[in-house]
Amino acid sequence: MDCAGCAQKIDSAVRRIPGVEDVSVSVVSGTMTVDHGAQRELEPEITKQVTRLGYRIEPLDPGNRAASAAAAERVESGGSAADAPASAKLERSTAWWRRPAVQLTIACGAAFAVAFGAGKAVPQYENWFFGLALLVGLVPIARRALAAALAGTPFSIEMLMTIAAVGAVIIGAVEEASAVIFLFLVGELLEGVAADRSRASIRGLADLVPKLARVERAGAVEEVPAERLSVGDIIQVRPGDRIAADGEVLSGTSSVNEAPVTGESVPKTKAAGDPVFAGTVNGDATLRIRVTAAAEDNTIARVIKLVEEAQESKAPTERFINRFSRYYTPGVVVLAALVATVPPLAVGASWAEWVYKGLAILLIGCPCALVISTPAAIAAALAAGARRGLLMKGGAVLEGAGSLQAIAFDKTGTLTEGKPKVTDVIGFDRNERDVLRLAAALERGSNHPLALSILERAAEEGIEIPDAEDTAALGGKGVTGVIDGRSVLLGSPKAVGERQPLSPEQLQKFAALNEEGKTVSVLLADGKIAGAIAMRDEPRPDARAGLARLKDEGIRTLMLTGDNRRTAEAIGRSLGIDVQAELLPADKSRVVNELRAKGLKVGKVGDGINDAPALAAADIGIAMGGGTDVALETADAAILHGRVGDVAAMVDLSRRAMANIHQNIAIAIGLKVLFFVTTIAGITGLWPAILADTGATVLVTANAMRLLAWKPRG
């Protein structure tokens with residue numbers, strides 16, 4: 001299934017089976033649950049009904065994990081997919097070129113190319129060649145349209161495309177009909193690829209949790225599968241390893257990188273009694289942790305569940321052309337029949353004259369121009385955006401972006417650069433350059449984010465870094481070593497204060513830096529406070545201007561972050577944005593849902609796994625460039641260049657595209673109404689009717705192409 005429309009067709013078809021009481025179809029997981037009170041076996045009837053619509057269906061056996069895994073391996077290695085249960089197929093997709101939709105699209109495209117070449121070689125048979133190429137794609141689409149009609153969805157997109165193609169053939173535009181069918185198949189294929197990748201990205205969240213965990217049992221340490229951990233188990237996590245479960249530290253002190261879960265830009269020091277989350281990375285010392293949540297209830301599992309629930313509850317914008325066809329297509333058929341029959345029957349008018357006019361009405365009402373008007377504008381807008389680093393996953397996203405009333409931003413990596421930078425170097429007993437030189441010597445070779453920022457600043461100032469001897473990390477407190485024969489320590493104010501008391505003036509200075517959201521490291525050399533270095537994850541250069549543009553457009557902005565409140569509020573003050581801090585993924589999703597409950601159209605911008613639930617819960621989720629694959633796949637749109645101002649550019653592009661679409665619809669319908677009146681009046685006939693349709697098609701296409709010249713302001 002590619003979209004909610006697919007789920008609706010399946011739902012309608014299965015509900016018509018006698019005995020079925022309720023049907024629940026999930027697009028995200030690709031599953032269907034049927035409640036029924038029938039005494040007979042319904043599986044064959046359900047399979048037949050769904051297969052007729054063009055979908056494959058298999059019974060799901062979630063309990064037989066071993067069989068599912070084995071079958072999935074067979075599918076991946078090229079074995080028969082028919083032997084694999086549905087649960088295996090959901091976890092591992094078959095090779096893309098083996099899928100029926102891909103094979104049909106390739107066959108239709110190849111037939112169109114052959115017809116084009118043959119038509120140039122033998123022009124007198126050109127229409128026949130294109131007619132044969134048309135049948136390659138049209139026959140499967142028409143069969144699906146007929147099946148959907150019989151199953152309760154008479155005016156599906158397939159039915160509309162069938163009518164458009166047949167109408168084009170009737171007016172002699174066989175080449176156009178063949179091209180429209182091929183492009184329709186390409187669009188359907190791309191939707192399917194996007195849906196598959198989205199499902200795969202959600203399942204890929206589980207890879208953040210290690211497969212094995214080191215568990216203390218009977219006085220020994222053994223490795224067991226992480227999914228078998230139980231509440232109360234004691235696990236050991238070595239430096240550099242991912243934590244396998246949510247838990248509480250029993251012993252050990254270490255820095256833990258929580259960015260995958262909370263978005264915290266700086267690793268947090270964890271000691272006995274502190275909570276830790278599954279999927280986070282242990283830093284520089286071994287931790288003993290008591291498990292507090294089973295695998296199915298840990299933080300990553302909850303994130304996966306939140307993403308799936310948010311995507312299921314989202315009501316995506318229904319395709320305009322499908323919605324309009326419910327009324328337009330049958331209305332045109334009824335109108336043409338009335339024009340052809342009522343005057344002869346009512347007043348004895350000429351049958352030949354009015355049947356001719358009825359046929360002209362059918363040609364005027366051919367939906368080709370309407371079919372092209374919306375997707376042509378959407379395709380042009382999406383292409384214009386993509387060339388400038390704005391990626392949107394389809395027309396529904398393009399339409400929705402322009403109607404946003406509130407946009408929530410993540411902090412780390414979205415409004416800020418995503419890595420700390422040295423903002424202040426302070427000299428007490430030594431000058432600032434010497435403080436930076438000694439600190440860089442201690443941090444040389446470290447991959448800690450704060451260490452890298454110190455080394456980067458030293459390189460910028462051209463400082464020659466001396467060698468440090470006997471360097472050692474003091475679990476969660478700092479780093480020590482010997483430089484030029486002097487004992488040197490770089491650590492937190494608390495750790496340094498335990499060795500050498502800090503003066504009231506120094507403490508006041510550090511408190512002021514902390515209020516600005518900066519992390520302070522103090523340098524102790526030969527027992528004296530040599531100086532201090534302050535670091536902070538700084539805002540992106542265009543963040544303030546980008547937020548101001550959104551406010552000028554009447555859009556409310558706010559920051560949702562897992563970072564500590566003091567740091568977040570300092571960044572918020574500098575950018576002029578409301579702040580909610582110390583939020584877990586579930587909290588961010590809750591805030592977004594609260595805004596939506598107030599009737600606001602809400603966008604969410606983020607770059608991390610911790611943003612995935614909120615991205616999915618928002619009306620439009622936007623991933624910032626450089627973000628994780630999960631954020632990019634879960635989001636509805638992506639900004640590749642990492643500029644905050646591009647969010648406002650995306651809103652502007654959406655509004656321009658929607659204005660263009662409205663113009664196209666007005667052109668298409670306006671010309672049809674005009675020629676309808678002139679046809680009834682006897683002024684125009686079949687040839688002008690054909691021109692009304694083809695002329696409208698040319699005009700709406702040309703109008704849509706104007707969007708290719710779009711450029712963001714500023």
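User: Helices here are DSSP runs of H or I with at least four residues, numbered from the N terminus. The model is predicted. Which helix holds Gln49?
Analyst: The helix in question covers residues 43–52. Gln49 falls in that run, so by the DSSP numbering its helix is α2.

User: Is Gln49 buried or exposed?
Analyst: Buried means under 20% relative accessible area. Gln49 has 14% relative accessibility, so Gln49 counts as buried.

User: Which residues does Gln49 touch, leaving out those up to four places away in sequence?
Analyst: Contact means heavy atoms within 4.5 Å. With residues up to four places away in sequence set aside, Gln49 touches Ala13, Val14, Arg16 and Ile17.

User: How do α5 and α6 run relative to each other, roughly parallel or roughly antiparallel?
Analyst: α5 spans residues 100–121 and α6 spans residues 126–150. They pack at an angle of about 175°, with axes 8 Å apart. An angle over 145 degrees meets the cut-off. α5 and α6 are therefore roughly antiparallel.

User: How many nonpolar residues are in the contact of α5 with α6?
Analyst: From α5 the contact draws on residues including Leu104, Phe112 and Phe116. From α6 it takes Phe129, Phe130 and Val136, among others. By class, the contact has 2 polar residues, 1 charged residue and a nonpolar count of 13.

User: What is the span of α5 from its first C-alpha to its last?
Analyst: α5 has 22 residues. At 1.5 Å a residue, 32 Å is expected. The model comes close to that, at 31 Å.

User: Is Arg144 buried or partly exposed?
Analyst: Arg144 lies in helix α6. The buried class stops under 20%, and the exposed class starts over 50%. Arg144 has a relative accessible area of 22%, so Arg144 is partly exposed.

User: What distance separates the C-alpha atoms of Arg144 and Glu158?
Analyst: Along the chain, Arg144 and Glu158 are 14 residues apart.

User: Which strands stand at the edges of the open sheet of 6 strands?
Analyst: The sheet has the order β4-β3-β5-β11-β6-β9, with antiparallel pairing. Each edge strand has a single partner strand, so one of its sides is left without a neighbour in the sheet. The edges are β4 and β9.

User: Which residue of β11 stands opposite Ile234?
Analyst: β5 covers residues 234–237, and β11 covers residues 287–291. The two strands pair in the antiparallel sense over 4 bridges. Opposite Ile234 stands Arg290.

User: Which residue of β8 stands opposite Ser254?
Analyst: The open sheet of 3 strands has the order β8-β7-β10. β7, residues 254–257, pairs with β8 over 3 bridges in the antiparallel sense. Ser254 stands opposite Lys270.

User: Which residue in the turn between β16 and β17 has a positive phi?
Analyst: β16 (residues 478–483) and β17 (residues 486–491) run antiparallel and are joined by 6 bridges. Gly481 has Val488 as its bridge partner in β17. The two strands form a hairpin with 2 residues between them. The positive phi, about 55°, belongs to Asp484.

User: Which residue of β18 stands opposite Leu489?
Analyst: β17 also pairs with β18, residues 519–525. That pairing is antiparallel and runs over 4 bridges. Opposite Leu489 stands Leu524.

Key
Residues numbered from 1 in each chain as written. Predicted model: local features only at pLDDT ≥ 70, side-chain atom pairs only at ≥ 80, totals over all residues. Heavy atoms only, no water. Pairing = 2+ DSSP bridges. Axes fitted to C-alpha atoms, helices over the stretch in contact; angles between N-to-C directions. Parallel < 35°, antiparallel > 145°, perpendicular 65-115°, else oblique. Nonpolar A, V, L, I, M, F, W, Y, C, P; charged D, E, K, R; others polar. Expected span 1.5 Å × (residues − 1). Buried < 20%, exposed > 50% of the residue type's maximum accessible area, 1.4 Å probe, protein only.
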